[in-house]
Amino acid sequence: MIETQKLVHRKLSILGYPLNEFFALDSLKLKITKKNFTCQLHPGISIDIPKQIQKFYRKRFFLFKKFNEGIQLDEESWYSVIPEEMSIHIANKLKASSPDSDVIDGFCGSGGLAIQLAKCFKTVICIDIDPIKINNITNNLQVYESIATVIQMNFLEHTHTNQDFILIMCPPWGGLNYSHQPYDLNSMKPSLEDLLTKGLQMTSKIVLQLPKNIDIQQLVSIFKDVTDKLRLELKPIEVEMMLINEQINQLIIYYGL
């Protein structure tokens, strides 16, 4: 169990951390950063999407600048896709950190992040178990003239021969109601522990998209438990708060990068 005293008695809450500061957690260093993105809403409604999704339709050009050129999204993708400017930021950050790596997007969805990764990296493999999302990402890659390998399968069954790669995991959080209570990382299906157990046996470079209201202590504990179980060195973690119009929207976790 991680001793919270080693956090200099600071509250283990994402909003309780000073930014750009490292905290010693045994052999781990945890860094909290933030990045803000400006979203302009566009009027209009779509008869093709449910009422509860209409608010996301007003952000359509923030999600994809080329939305009107044929972008395809299913209902879940409207609220789970990583917006374009955010995706560009993540892709460029990973390119600067590990420019020659392959990239595997294990839960690629409709391709918001994968499109930008494909513009930065030579080899990008996009995996999703959902045939609808596979159809979406195949179409959306073409809209942006991005090239990537698209595979329909369960990521947990995937193997990769090259060990120098970055693994992106944007697992489902459980729908639109995830933010109404502190988010339990063990409630994800598959669980974060299962994902990290699989991922850390494949690579030491991992990126996670997680809800804004997770328990940071739980996140670090799961990383520590899995690396201990696999007898691996615990590497630095960066938690980047992604803000939209100065409001925290989600977290991107960088491990070993």
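Here are some exercises on this structure, each with a worked solution.

This is a predicted model, in which local features need pLDDT of at least 70 and side-chain atom pairs count only at pLDDT 80 or more, while totals for chains, interfaces and linings use all residues. Residues are numbered from 1 along each chain as its sequence is written, and side-chain values use heavy atoms, with hydrogens and water left out.

**Exercise 1. The overall picture**

Find how many helices and strands the protein has, and what percentage of its residues count as buried.

Solution. Start with the secondary structure: there are eight helices and nine strands. Helices (H or I, at least four residues) and strands (E, at least two) are DSSP runs, numbered from the N terminus. Next, take burial: of the 257 residues, 51% count as buried. Here buried means under 20% relative accessible area, exposed means over 50%, and partly exposed is in between (1.4 Å probe, protein chains only). Finally, among contacts (heavy atoms within 4.5 Å) between residues at least 6 apart in sequence, 65% join residues at least 24 apart.

**Exercise 2. The nonpolar cores**

Work out which residues have the most contacts inside the largest nonpolar core, and which helix gives this core its largest share.

Solution. First, the term: a nonpolar core is a set of buried Ala, Val, Leu, Ile, Met, Phe, Trp, Tyr and Cys residues joined through side-chain atoms within 4.5 Å. The largest one has 42 residues, and those with the most contacts inside it are F64, W78, I90, L94, L117, F121 and I168. Its largest share, six residues, comes from helix α5 (residues 112-120). A second, separate core of 37 residues includes I104, M169, M241 and L243.

**Exercise 3. W78 and its aromatic neighbours**

Describe the ring pair of F67 and W78, and say whether W78 is buried or exposed.

Solution. A pair of aromatic rings is described by the distance of the centres and the angle of the planes. Rings of Phe, Tyr and Trp (its six-membered ring) pair if their centres lie within 6.5 Å; planes under 30 degrees apart count as stacked, over 60 as edge-to-face and the rest as tilted. The structure holds eight aromatic pairs. For F67 and W78, the centres are 5.6 Å apart and the planes stand at 50 degrees, so this pair is tilted. F67 lies in the loop between α2 (60-63) and α3 (75-80) and W78 in helix α3, so the pair ties together parts that are 11 residues apart in sequence. As for burial, W78 is buried at 5% relative accessibility, and F67 is buried at 12%. Now widen the view: Y57, F61, F67 and W78 form one aromatic cluster. Leaving aside residues up to four places away in sequence, W78 touches I49, I53, F56, Y57, R60, L63, F67 and L73.

**Exercise 4. The strands around β9**

Determine how many bridges join β8 to β9, and which residue in the turn of their hairpin has a positive phi.

Solution. Two strands pair if DSSP finds at least two bridges between them. Strand β8 (residues 237-244) is joined to β9 by eight bridges, and the two run antiparallel. Within this pairing, L243 stands opposite I248 in β9. The two strands form a hairpin with two residues between them, and N245 in the turn has a positive phi of about 50 degrees. On to β7 (residues 205-210): five bridges join it to β9 (residues 247-255), again antiparallel. Here L210 stands opposite L251 in β9.
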